[in-house]
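Hi everyone, thanks for coming. Have a look at the model on the screen, and then I'll walk you through a few spots in it.

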Amino acid sequence: MNPIPGHLLHARFLRGLQRSPKGAAIRVGSGTVTYEEAYDLALRWAGALTAAPAGRPRAVGVLAGKGVGAYVGVLAALFTGSPVVPLHPELPVSRLRYMLQTSGADVVLADAPGALALRETELSIPVVRTDQDAAPAPARPLDAPRTARPEDVAYLLFTSGSTGRPKGVPLTHANLDHHFRLLDERYDFDRQDVFSQVLELNFDCAIFELFAAWGAGATVCHVPAQAYLDLPSFCAERGISVWFSTPSTIGLVRKMDGLTPGALSGLRWSFFAGEALKCTDVADWQTAAPGSVIENLYGPAELTLTITGHRWSPERSRQLAVNGVVPIGRVYPDHDHVLLAPDGKESPVEGELCISGPQMSPGYLVAKDNEGRFVKRDGRLWYRTGDRVRRLPGGELAYLGRMDSQVQVQGVRVELAEIDEALRACTGVADAVTVARRTGYDRELVAFYTGSAALSPVELTRQLRKILPAAVVPKAFRYLEEFPLNPNRKIDRLRLAAMAAGQLETEEP
């Protein structure tokens with residue numbers, strides 16, 4: 001195998017191959033795939049991918065559910081030297097069609113559900129099947145992975161599209177190389193580690209799960225939905241030592257009685273990202289995983305996976321917390337950041353987080369999407385995150401919410417996160433999410449909560465009026481057994497807003 005440049009994302013897998021050729025690169029169910037086996041299979045599929053469109057693809061779609069086909073499929077796409085476009089077979093047909101067309105993918109690696117989903121888009125794109133019982137397209141395997149320049153795109157991700165159509169986010173090999181170099185300095189992952197693989201592959205942080213593991217020669221272990229029925233047993237049986245998920249997972253594990261003292265004692269590292277992380281949740285997780293270092297990571301896809309990190313310290317983190325939420329930490333080295341006040345001027349204390357540096361994407365695939373997000377300032381390009389943060393003593397940052405989470409009700413400016421925190425302090429409430437709904441020419445607040453179903457609106461109102469001004473006490477309360485989650489296991493706030501507005505009758509999570 002000829003050496004390839006270290007800046008390439010797939011060079012991390014090759015590093016793992018050198019460190020642990022006979023070791024397990026992938027574990028799904030009771031089966032494992034070694035580094036050597038994954039490498040050979042990826043070269044075979046890469047040969048088929050390059051033969052299908054008669055040359056190097058513009059981009060390769062990977063349309064498969066989590067499993068060996070998807071994991072090796074990502075490698076195969078990268079081995080062609082082309083960008084990989086991770087997709088999900090259960091995406092709406094119109095969205096899938098848009099993503100494929102916008103990305104320029106001219107060949108797709110798919111399992112059976114993925115091939116069916118592609119057929120429903122009515123796009124004429126060649127398909128290479130990953131099914132174990134399906135013969136690959138007749139083609140010679142590549143002799144070795146192909147190379148690419150640092151500025152070439154490695155991954156094409158799409159935002160959730162919660163405010164409209166999805167936005168394509170290209171991440172270059174250079175973007176990802178900087179990110180993983182920092183991770184190599186910050187963490188002590190080794191080939192004995194087993195990483196959880198929880199997130200869908202079209203979610204940006206799944207790249208962390210795969211390539212942090214493979215760069216160390218460690219194992220990626222698929223975590224199926226049924227594992228949460230008894231997560232401690234699952235983690236113990238498979239030797240999972242590195243955990244990565246969204247914070248919502250903590251509530252799910254707690255509900256299944258999986259956070260008893262020492263239940264997750266095999267964990268060395270625990271990472272949470274994707275939404276606000278509450279101190280109470282971290283404390284419960286730490287009780288179950290007393291030997292684990294816990295970090296709260298933050299970063300939009302446009303800034304390559306994660307761009308800040310805070311290491312949990314029970315006393316210090318609680319002191320720094322705002323509204324009971326763990327700080328997001330410091331911006332990574334080699335990046336500059338500013339906080340912008342509503343008037344667009346720089347604020348030393350609080351405002352919209354804007355970042356510039358080597359992990360910043362070159363810009364959205366559709367140029368008009370850049371307006372208002374990728375902006376010129378002082379002769380440099382910056383990314384406006386749309387997230388409001390506060391600078392804490394010592395220089396770390398606290399996440400306060402989206403810029404649009406601050407709403408005006410009856411002339412009063414309301415911070416929804418503050419109401420959520422007040423609700424969590426009420427007797428009988430486990431967790432809470434507040435949304436605003438239109439009522440004529442004004443807005444009113446609706447609070448969804450988990451915990452005790454016996455609580456009455458009168459009792460909740462009485463407790464909240466001891467904490468909040470009357471004008472910002474929610475007008476309606478809705479009990480849920482658990483919050484609905486979107487495919488990335490974040491609380492589905494859009495669904496809650498639709499329920500509050502009466503657009504959805506069902507409240508099933």
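Let me start with a question: which residue in β14 is the bridge partner of Glu 295? That would be Arg 311.

Before I go on, some housekeeping. What you see is a predicted model, where local features need pLDDT of at least 70 and side-chain atom pairs count only at pLDDT 80 or more, while totals for chains, interfaces and linings use all residues. Residues are numbered from 1 along each chain as its sequence is written, and side-chain values use heavy atoms, with hydrogens and water left out.

How confident is the predictor? pLDDT is its confidence in each residue, from 0 to 100. The mean for the protein chain is 91, and 93% of its residues reach 70 or more. Over residues 505-509, though, the pLDDT is below 50, and beyond near neighbours in sequence that stretch has 10 contacts in the model; a contact means heavy atoms within 4.5 Å.

Okay, back to β14, which covers residues 308-311. Strands here are DSSP runs of E, at least two residues, and helices are runs of H or I, at least four, all numbered from the N terminus. Two strands pair if DSSP finds at least two bridges between them. Strand β13, residues 293-298, runs antiparallel to β14, with four bridges joining them. β14 also pairs with β15, residues 330-331, in the antiparallel sense over two bridges, and there Gly 309 stands opposite Arg 330.

Now zoom in on Thr 308 in β14. Is Thr 308 buried or exposed? Buried, at 0% relative accessibility. For the cut-offs, buried means under 20% relative accessible area, exposed over 50%, and partly exposed in between, using a 1.4 Å probe and protein chains only. Leaving out residues up to four places away in sequence, Thr 308 touches several others, including Asn 296, Tyr 298, Ile 328 and Val 331. A polar atom of the Thr 308 side chain lies 2.7 Å from the backbone oxygen of Ile 328.

Next topic, charges. Side chains of opposite charge can pair when their charged atoms come close. We call it a salt bridge when a side-chain nitrogen of Lys or Arg is within 4 Å of a carboxyl oxygen of Asp or Glu, and this structure holds 31 of them. In one of these, Asp 336 and Arg 380 have their closest N and O atoms 2.6 Å apart. Asp 336 is in strand β16 and Arg 380 in strand β19, so this pair ties together parts that are 44 residues apart in sequence. Asp 336 is partly exposed at 36%, and Arg 380 is partly exposed too, at 33%.

Arg 377 and Glu 346 also meet in a salt bridge, at 3.6 Å from N to O. There's a network as well, linking Arg 254, Lys 278, Asp 281, Asp 284, Glu 421, Arg 424 and Asp 431.

Last stop, the rings. Rings of Phe, Tyr and Trp (its six-membered ring) pair if their centres lie within 6.5 Å; planes under 30 degrees apart count as stacked, over 60 as edge-to-face, and the rest as tilted. The structure holds 20 such aromatic pairs. Take Phe 272 and Trp 285: their centres are 5.2 Å apart and the planes sit at 90°, so the pair is edge-to-face. Phe 272 is in strand β12 and Trp 285 in helix α10, and both residues are buried.

Terms used
Polar contact = N/O pair within 3.5 Å; in protein donor to acceptor, adjacent residues only side chain to side chain. pLDDT = per-residue confidence, 0-100.
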